[in-house]
Amino acid sequence: SKKTPVRDLAAFWLFGLTNNFPYVIMLSAANDILAKNNPGLGTGIILLAAILPDLCLKSFFPFVMQRMSFLTRVGVVVLLNLASFIIVALSDATWLSLFGVGCASLCSGMGEITFLALTAHYSDTCITAWSSGTGGAGVLGALSYLGLTLVVSPSTALLIMVVGPCIMAVSYLVVLTPSPVKGSCQAIVHNSLAETRTREKPLDRIPLTMRLRMVLPLLPYMVPLFVVYVAEYLINQGIFDSVYWDDIFIDKDTQYRAFQTIYQCGVFVSRSSFSFIRIERIWIPSILQC
């Protein structure tokens, strides 16, 4: 088999990193976001804002996304990524902060659907690179936010994070090798997206009812993943917010960020192990997560 270009592996690792970065940062910054405007609220409200838009998007977008080129989809993801950090950093009202977190949720959901679909047009190992990158987002995101907030304010730390969407755009336009579905810098200049749309057009002819029937065989995989994410969100926002120690050298907010960092280190190790350890029965990790 042909060796996967290092550029492609690097690009998909960076896609995973930058796509999950806003979500990780918003969870790590949950206490700080609420402390600025409404400290009485629990961090669970941040979790809702980080999950509900993503859930709604994933419920319908896979059935209609073929109407948009990959270039357009990635452009929307980059803009949502950028907007999430800027809005949350500069907001002076709770509802506006939650709107910014919602943008991060839409970015993560749309990016996940888009980049996973894009892996089908590249080597199989690219999906491993993507998976590792999403785990890396947890570690680097939590660590970078924890480190930055030790020297600058949370708002300044969030503004520094806008480097993430810039890296995503460069990774797609420059690092990733050309593909018939990718589009390119030249495609933007010469406005030649019609070819991309034409190549994806046949998928639009599949009736919606048939697409829904195609979901049924996937339920044995979807249900365990559903259980894993329910347990993950319960741990992240239902438990971490309540666990802390009094009379130690770090305050409650720093302990919360530290818990997030430790948790994300475990996520990175597990998501980077796909090439070495493969578990065919995915219900096993679901039980372990619970």
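Modeller: Helices are DSSP runs of H or I with at least four residues, strands are runs of E with at least two, and both are numbered from the N terminus. Leu218 lies in the loop between helix H11 (208-213) and helix H12 (219-239). The model is a predicted one, in which local features need pLDDT of at least 70 and side-chain atom pairs count only at pLDDT 80 or more, while totals for chains, interfaces and linings use all residues. Residues are numbered from 1 along each chain as its sequence is written, and side-chain values use heavy atoms, with hydrogens and water left out.

Biologist: How many helices and strands does the protein chain contain?

Modeller: The protein chain has 14 helices and 0 strands. From the N terminus on, its elements run α-α-α-α-α-α-α-α-α-α-α-α-α-α.

Biologist: Why is Leu218 called partly exposed?

Modeller: Buried means under 20% relative accessible area, exposed means over 50%, and partly exposed lies in between (1.4 Å probe, protein chains only). Leu218 has a relative accessibility of 44%, and therefore it counts as partly exposed. Over the protein chain, buried residues make up 44% of the 290 residues.

Biologist: Which residues make the nonpolar surface patch?

Modeller: Patches are made of residues with over 30% relative accessible area and no salt bridge; like charges are joined within 9 Å, and nonpolar side chains (Val, Leu, Ile, Met, Phe, Trp, Tyr) within 5 Å. Here Leu216, Leu218, Leu219, Tyr221, Met222, Val223, Phe226, Val227 and Val230 make a nonpolar patch of about 840 Å². Accessible areas come from the Shrake-Rupley method with a 1.4 Å probe, and for residues only the protein chains shown count as cover. The protein chain has an accessible surface of about 15,100 Å², of which carbon and sulfur atoms account for 71%.

Biologist: Are Asp54 and Lys58 buried or exposed, or in between?

Modeller: Asp54 has a relative accessible area of 10%, so this residue is buried. Lys58, at 31%, is partly exposed.

Biologist: Which other residue meets Lys58 in a salt bridge?

Modeller: Glu112 does, at 3.3 Å, N to O. This pair links distant parts of the chain, with Lys58 in helix H3 and Glu112 in helix H5, 54 residues apart. Glu112 has 23% relative accessibility and therefore counts as partly exposed. The structure holds 2 salt bridges, and Asp54, Lys58 and Glu112 are linked in a network of them.

Biologist: How many aromatic pairs are there?

Modeller: Rings of Phe, Tyr and Trp (its six-membered ring) pair if their centres lie within 6.5 Å; planes under 30 degrees apart count as stacked, over 60 as edge-to-face and the rest as tilted. The count by this rule is 5 aromatic pairs.

Biologist: Why is the pair of Phe15 and Tyr172 called tilted?

Modeller: The ring centres of Phe15 and Tyr172 are 6.2 Å apart and the planes stand at 45°, so the pair is tilted. Phe15 is in helix H1 (residues 6-28) and Tyr172 in helix H8 (residues 163-175), 157 residues apart, and the pair links these distant parts of the chain. Phe15 is buried at a relative accessible area of 0%, and Tyr172 is buried at 1%.

Biologist: What makes Phe115 and Trp130 a tilted pair?

Modeller: Their rings are 5.8 Å apart, centre to centre, with 40° between the planes. Phe115 lies in helix H5 (residues 94-118) and Trp130 in helix H6 (residues 125-148), so the pair ties together parts that are 15 residues apart in sequence. Both Phe115 and Trp130 are buried. Phe12, Phe15, Phe115, Tyr122, Trp130 and Tyr172 form one aromatic cluster.

Biologist: Why is Thr177 called buried?

Modeller: Thr177 has a relative accessibility of 15%, and therefore counts as buried. Thr177 is in the loop between H8 and helix H9 (185-190). Thr177 and Arg7 are 170 residues apart in sequence and 6.7 Å apart in space, C-alpha to C-alpha.

Notes: Salt bridge = Lys/Arg side-chain N within 4 Å of Asp/Glu carboxyl O.
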